[in-house]
Amino acid sequence: MSKGFSGIVKVLEAKLKKSQATAKKRANSIFTAMSVAHVDDDEIHNPGEVYHVEKVFSNGDIYMGQWSENCPNGHGKYLWSDGCMYNGDWLRGKNMGHGKFSWPSGATYEGQFNNGYMEGEGTYTGSSDDTYKGTWVHNMKHGKGVRYYANGDNYEGQWRRGLPDGKGRYQWSNGNQYIGHWRRGKMNGNGTMIWANGNRYDGSWENGLPRGNGTFRWEDGSFYVGVWSKDPKEQSGTYYPPSDSNQTRNIDWDPQELYLVNLVDCIISTGEKISVYPSQKMVNWPCEGELLKKNIHKESDARRRRASTDGRLSNGGISFGSESEFSSDGGSDYFGSQRESQREVDEGVGTEELEVARAYVRPRIVIKPTSKQGTTISKGHKNYELMLNLQLGIRHSVGRPAPATSLDLKATAFDPRDKVWTRFPSEGSKHTPPHQSCEFKWKDYCPLVFRTLRKLFKVDPADYMISICGNDALRELSSPGKSGSFFYLTNDDKYMIKTMKKSEVKVLKRMLPAYYKHVRSFENTLVTKFFGLHCVRLNGPAQKKVRFVIMGNLFCTEYAIHRRFDLKGSSHGRLTDKPESEIESTTTLKDLDLNFIFRLQKSWYQEFCRQVDQDSDFLEQERIMDYSLLVGIHFREISESGEPLNTESSLSKVRTPIGNEEQSSKWEVIRLGSNIPARAELTVRSDEGEPQLVGEPTGEYYDVILVFGIIDILQDYDISKKLEHAYKSFQYDATSISAVDPRLYSKRFRDFMFRIFTEDV
């Protein structure tokens with residue numbers, strides 16, 4: 001028996017002997033772990049009355065605590081004759097609320113219970129000190145949690161159905177660690193293995209082993225980039241020496257050593273298993289009376305909260321890839337209980353308040369499953385050779401040995417005439433590899449500046465090459481932008497490649513010194529991150545030039561983006577006018593489509609205001625206009641029918657603030673503009689008069705994750721924009737059009753941002 005059980009038995013020993021004779025006469029009160037307990041009370045109590053009892057059953061089990069309606073209700077201890085013990089909250093004879101369960105082996109669980117199951121936040125400590133602290137669902141580790149194994153290993157991250165699944169970090173006792181994605185307890189997806197000696201592997205994993213594109217790096221800075229497989233026939237790659245080395249030959253290293261040597265000791269611990277679950281020890285008590293009626297609403301709420309465990313993980317936590325999984329929460333039970341709750345609310349508020357609440361027609365929002373944008377550029381595509389040229393050029397530029405760069409650049413590095421031409425003949429040359437594309441020339445603009453920018457933005461050269469130049473093809477977006485430019489996405493969604501007009505290249509080169517100074521001064525800047533500026537000139541009579549810039553993709557996030565808005569602060573032409581049924585997750589909506597106000601926590605809101613001011617000042621000084629704030633919204637709770645679930649109503653007067661950093665997954669980077677937890681308040685616009693730029697708030701809130709940044713920052717106020725302003729000013733309100741002086745544009749942009757983003761109080 002455990003020490004706790006033995007101590008209580010001593011206290012109750014006298015009562016146990018006194019009650020033994022009586023217990024023998026009560027044959028119907030003898031029960032096993034899952035039998036029904038019938039006990040008689042010597043005193044008469046009113047129905048629903050809660051009182052304290054000390055009951056000893058003939059099989060040796062003991063209960064001490066609050067009792068009502070012929071079963072445990074309130075706080076109490078239950079000791080089983082086999083040495084198990086539960087001490088905590090009860091509801092109608094079930095472990096419900098906070099409690100502690102202990103096993104004879106010395107193992108314990110302390111945390112939340114639901115209908116006898118370990119569910120909610122809780123800590124399990126095994127007899128061998130194997131410990132898990134985190135969330136549980138139906139006796140299984142599910143959600144966020146950390147586990148310390150008896151052998152010294154530990155895992156921190158996402159769990160699903162009792163196994164690591166999602167994003168997390170596993171650290172071995174020998175100092176090795178893996179950070180990345182998991183599936184069913186094995187390393188799977190993108191991840192990084194870091195060995196104690198400083199070597200590391202970054203790339204794709206499958207079923208616990210490297211598989212697909214990846215990079216192995218040595219501590220000295222050299223690295224091997226290629227396609228990985230345990231089958232040597234499928235293995236291929238290229239070795240790159242350290243950036244400050246003159247070494248040009250491949251080293252004598254077999255990539256199969258990664259499987260045969262490096263990963264031999266990286267075994268995932270299975271940990272200690274729970275011998276018997278508390279739910280298996282529960283007793284079916286004959287609870288009766290008015291108490292059942294009093295708890296109908298509590299039980300309904302509990303059912304709603306439980307929902308689908310899979311849905312909660314995908315929508316409330318991290319959603320991997322671009323697929324959207326819907327929680328089963330919000331089905332018929334949910335809306336039935338909502339109608340019941342609304343009747344209760346109606347009874348508690350005045351008629352005037354209800355009339356205000358019903359004065360608007362609530363717009364219906366339907367979220368459709370997300371999918372990857374664009375068309376994969378495969379052989380036969382009109383831009384297939386251009387993609388090959390681009391990948392060859394990037395691999396050459398980034399992989400070329402170069403001295404270590406300092407963040408303090410000389411003025412000569414920003415010279416617009418600083419460019420490097422490289423010829424790529426099909427048969428190859430001293431500096432370029434042979435290739436299957438046509439001959440072309442490659443130009444790098446200000447290569448030192450962009451190499452330093454990548455370093456400033458913490459972009460790893462090997463990862464950069466894998467994303468753009470790996471075996472996975474680029475994806476072309478379905479239609480060119482308003483400017484006529486084409487956009488391409490890397491397969492991992494990290495980078496966006498945009499073709500540019502010559503005038504845009506000139507603007508970027510002109511503003512490059514100020515841009516570099518700005519992004520270096522303000523780490524949380526919201527302006528677009530540029531990683532490279534290049535040109536491909538195809539051989540032939542036309543000598544066609546294609547200029548392009550490589551940028552960070554704002555929507556490269558673990559959260560599925562359900563709605564996206566391009567916001568300028570102007571109203572003319574700023575309406576997509578699409579019915580809800582035609583709006584996809586990839587549809588870019590505009591200012592007059594926006595039907596939300598975003599409420600940020602105080603610290604995030606203050607930082608947002610400061611950064612919008614700083615970024616707007618920079619763009620105004622550079623005479624830039626026509627930029628916009630691109631906003632992506634991820635709804636954290638979605639019903640089976642695809643509608644976002646609102647979290648509260650202004651009528652209920654209940655405030656449940658969310659959005660603390662601690663509530664979000666620590667594995668998903670949270671910074672200004674990236675994965676910001678917030679509340680989105682639904683707004684509605686009046687149908688009368690001129691369209692409102694910002695609708696009226698309704699008091700209906702949604703828990704959301706926001707991603708946002710300032711895009712399209714390469715349009716200066718040139719002669720064409722001045723003529724556009726003059727022409728449209730005759731036809732429309734001059735303040736409503738996009739083409740205005742940069743000073744006025746900056747002021748209007750800020751004013752609008754500070755109306756749609758507010759502090760959550």
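Trainee: How many bridges join β24 to β25, and which way do they run?
Mentor: Strand β24 (residues 530–538) and strand β25 (residues 545–552) are joined by 7 bridges and run antiparallel. Strands pair if DSSP finds at least two bridges between them, and strands (E, at least two residues) and helices (H or I, at least four) are DSSP runs numbered from the N terminus. This is a predicted model, where local features need pLDDT of at least 70, side-chain atom pairs count only at 80 or more, and totals for chains, interfaces and linings use all residues. Residues are numbered from 1 along each chain as its sequence is written, and side-chain values use heavy atoms, without hydrogens and water.

Trainee: What stands opposite R547 in β25?
Mentor: That's C535.

Trainee: And what sheet order are they part of?
Mentor: An open sheet of 8 strands, β18-β21-β22-β23-β25-β24-β20-β19, with antiparallel pairing. Its edge strands, β18 (375–376) and β19 (419–424), each pair on one side only.

Trainee: Which helix packs on the sheet, touching β19?
Mentor: Helix α9 (residues 384–399), which also touches β24 and β25, among others. Contact means heavy atoms within 4.5 Å.

Trainee: Switching topic: is β29 mostly covered or uncovered?
Mentor: Mostly covered: 8 of the 8 residues in β29 (628–635) are buried, meaning under 20% relative accessible area with a 1.4 Å probe, protein chains only.

Trainee: Which β29 residues are on each side?
Mentor: S628, L630, G632 and H634 are on one, with L629, V631, I633 and F635 on the other. In a regular strand, side chains alternate between the two faces of the sheet.

Trainee: What stands opposite F635?
Mentor: V704 in β32; 8 bridges join β29 to that antiparallel strand (residues 696–711).

Notes: Axes are lines fitted to C-alpha atoms, for helices over the stretch in contact, and angles run from 0 to 180 degrees between N-to-C directions. Buried means under 20% relative accessible area, exposed over 50%, partly exposed in between (1.4 Å probe, protein chains only).
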